[in-house]
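Okay, thanks everyone, I'll keep this short. Have a look at the model first, and then I'll talk about a pocket and some helix packing.

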Amino acid sequence: MANAAEAFSDERLIAIERDVAAFEDEATQMLVDVGSIISPSGQEHERAAKVAEEMRAIGLKNVKVTKDRNVIGRIKGRSGKAVVFVSTLDDLKTVAEHQRQLGAPLNVSGRRVEGPGSNTSSTTVAMLAAAQALIDVNLKPKHDIIFAAVAEEETGLDGMRALYDAYQEDALLFVDVLGDGSSISYGALGIHWWKVVAEGPPGHTLRGGLPNINLAIARAVDRIFALPQPSEFEDRMTRVNVAILNSGKVFNHKPPEGWFSLDIRSLDAPIIADIESDVREILSEVSDETSISLEMVPENMTPGGQIPGALESDLVRWSVQIAKRLGLEPRLSDAGSANLNIAIANGTPAIGLGGERGGQRGHPGEWADIDAMMRTARHVALLGYLMGQDVPAPAE
């Protein structure tokens, strides 16, 4: 293929884009219907059922809601392999609280869908609008094209873990649909959150100040902040942060238990492992010095990693060309942090399509941008066609 312009002049791609545009009114109403359903992490059942209903209505095959509350539909291919598109089914807990307080469905105002629950759900609707366009042009792809809305993205990526386990043998690649592609992530930033729990003897101030869990917490935090890796590997986005200190409640008693948060990040998993090993050594030393028990308890583990050659892959190159066709200048990043992390950490190529979806996410005034939603749908539809057909990306 000579260039991207030649590819996008293909009558089938023109028809796909035309079909996406024609679906705007239905997509907008779908967002009102789907986004109005209260769906915090772990409680996605009702929204999952509605998304499954919409998948069946547009003609996706083998639609199912799994025991993990993931919703999956398929356009069948011939090869036995699959291209998998993923969106987020759940909302933040604060979004659910705002929905309950509002007590009303989303509403359409101009080029916006307004109300809590609109922002994240716009990506699921965009994905379904893309699926509708591919079905309407009677696409018979080489590979299965899977569309999945996954649960518990906000609380540990558990839905994506389950989806990856189900498709890891067949999936050629994953696309995490987060926006229109004005940013494209092709690598993953590892993020490990720990609670470091301290335990020691309680007692009144008059009966002596030591041992005291706060002494152990203070020493441990001081030494953790002195670890060398954040400076040595700054170019690998290596960070160590302690954000929360939690212990006693009254002035005149030693608390029996307390904890502090530990946030470790890096593009490279071995660096994170090295930091965690050093932290365990620090905790052991401080425990010996203070007679206070210190234990690392995992809170949320988001794996990271890099796929060799990802930046030059057809997946990334096509996504860049599609973004440009949409009038965007995509920002490329090797530090994604969402559902794509699960695939990349396990060695399967994946990208995250980022971009603005609207505004005020997590606040009562949350809204979704209809134009952005439809750009996302165009991006997913074009990418689904090209990757589902194994079309090589142009050299430029």
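So, on a 1 Å grid over the protein atoms alone, a pocket is an open set of points where a 1.4 Å probe fits, with protein on both sides within 12 Å along at least five of seven lines. Its volume is the space filled by probe spheres set on the points. This is a predicted model, where local features need pLDDT of at least 70 and side-chain atom pairs count only at pLDDT 80 or more, while totals for chains, interfaces and linings use all residues. Residues are numbered from 1 along each chain, and side-chain values use heavy atoms, without hydrogens and water.

How much space lies in the largest pocket? About 260 Å³. Its lining (residues with an atom within 4 Å of a point) has 13 residues, and nearest the centre are Glu 153, Leu 178, Ala 338, Arg 357 and Arg 361. By class, six are polar, four charged and three nonpolar.

Now the helices. α3, residues 24-35, packs against α4, residues 45-58, at about 155 degrees, with the axes 9 Å apart. That makes the pair roughly antiparallel, which is what we call angles over 145 degrees. In contact (heavy atoms within 4.5 Å) are Met 30, Asp 33, Val 34 and Gly 35 of α3 with Arg 47, Lys 50, Val 51 and Glu 54 of α4. Four of those contact residues are charged, three nonpolar and one polar.

Then there's α11, residues 314-325, crossing α13, residues 370-388, at roughly 140 degrees, with axes coming within 10 Å. That makes α11 oblique to α13. Their contact has eight nonpolar, two polar and three charged residues, with Trp 318 of α11 and Leu 382 of α13 among them.

Terms used. Axes fitted to C-alpha atoms, helices over the stretch in contact; angles between N-to-C directions. Helix = DSSP H or I, 4+ residues; strand = E, 2+ residues; numbered from the N terminus. Parallel < 35°, antiparallel > 145°, perpendicular 65-115°, else oblique. Nonpolar A, V, L, I, M, F, W, Y, C, P; charged D, E, K, R; others polar.
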